[in-house]
Amino acid sequence: MKLIVGLGNPGKKYDRTKHNMGFMTIDKLMDEYGQTQMKKDFEAEYCKFKVENETVFLVKPLTFMNESGRAVKFLMGYYQIQPDEIMVIHDDLDMPIGKVRLRAKGSAGGHNGIKSIISSVGTKDFNRIKIGIQHPQKQTVVNWVLTPFSKDNEPVALAGIDKAADAVKDWVAGDSFDQLMNKYN
């Protein structure tokens with residue numbers, strides 16, 4: 001099984017904000033896999049489908065960023081998903097806009113969604129794809145992450161989403177996470 005979790009905040013107000021890079025990647029994957037509907041359960045929107053013999057879940061927690069771990073824990077428990085079968089996609093302030101970096105495990109690095117997942121799941125050992133959103137120059141972090149990209153930066157951010165989606169598809173197709181890190185980092 002593959003549980004692919006995109007982090008973000010639910011609601012139209014947050015749709016295209018920097019903090020929703022994970023949600024936007026899930027939307028891209030929905031299109032690429034031909035999925036049109038998500039169901040709401042386990043404090044998340046998700047769809048479940050097969051690719052070859054692999055069961056794939058595309059997930060958007062509905063708990064808001066800081067409580068994302070609750071939805072992940074519910075889905076893991078119900079479907080008996082192991083930490084090494086998870087990939088979490090999230091924004092990263094410490095990387096340039098659109099840069100993608102894969103990590104097999106580690107600390108939350110100050111990201112509240114990742115902190116919540118570590119706390120709820122009980123381990124730091126799960127796969128991650130980080131997409132850069134850059135640190136703000138003139139505004140607070142909260143205001144920065146909750147606003148859309150500028151017209152100039154949006155194409156760069158979308159290219160990062162495309163690259164993250166490609167990495168997920170390669171993982172679902174059977175590449176190991178080490179292979180993905182070598183290819184995409």
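F64 counts as partly exposed because its relative accessibility is 41%; the class lies between buried, under 20% relative accessible area, and exposed, over 50%, with a 1.4 Å probe and protein chains only. The model is predicted: local features need pLDDT of at least 70, side-chain atom pairs count only at pLDDT 80 or more, and totals for chains, interfaces and linings use all residues. Residues are numbered from 1 along each chain as its sequence is written, and side-chain values use heavy atoms, with hydrogens and water left out.

F64 sits in the loop between β4 (54-61) and α2 (68-79). Helices (H or I, at least four residues) and strands (E, at least two) are DSSP runs, numbered from the N terminus. The phi of F64 is positive, near 70°, and the residue is not a glycine.

Q134 also has a positive phi, about 70°, although it is not a glycine. Its place is the loop between β7 (127-132) and α4 (141-145). With a relative accessibility of 29%, Q134 counts as partly exposed.

The next loop residue is H19, between β1 (2-6) and α1 (21-32). H19 counts as buried because its relative accessibility is 14%. UniProt, in an unreviewed entry, places the feature "active site" at H19; UniProt positions are given in the numbering used here, feature names are shortened, and annotations may be inferred rather than shown by experiment.

Leaving aside residues up to four places away in sequence, H19 touches L7, G8, N9, M65, D91, H111, V145 and L146. Contact here means heavy atoms within 4.5 Å.
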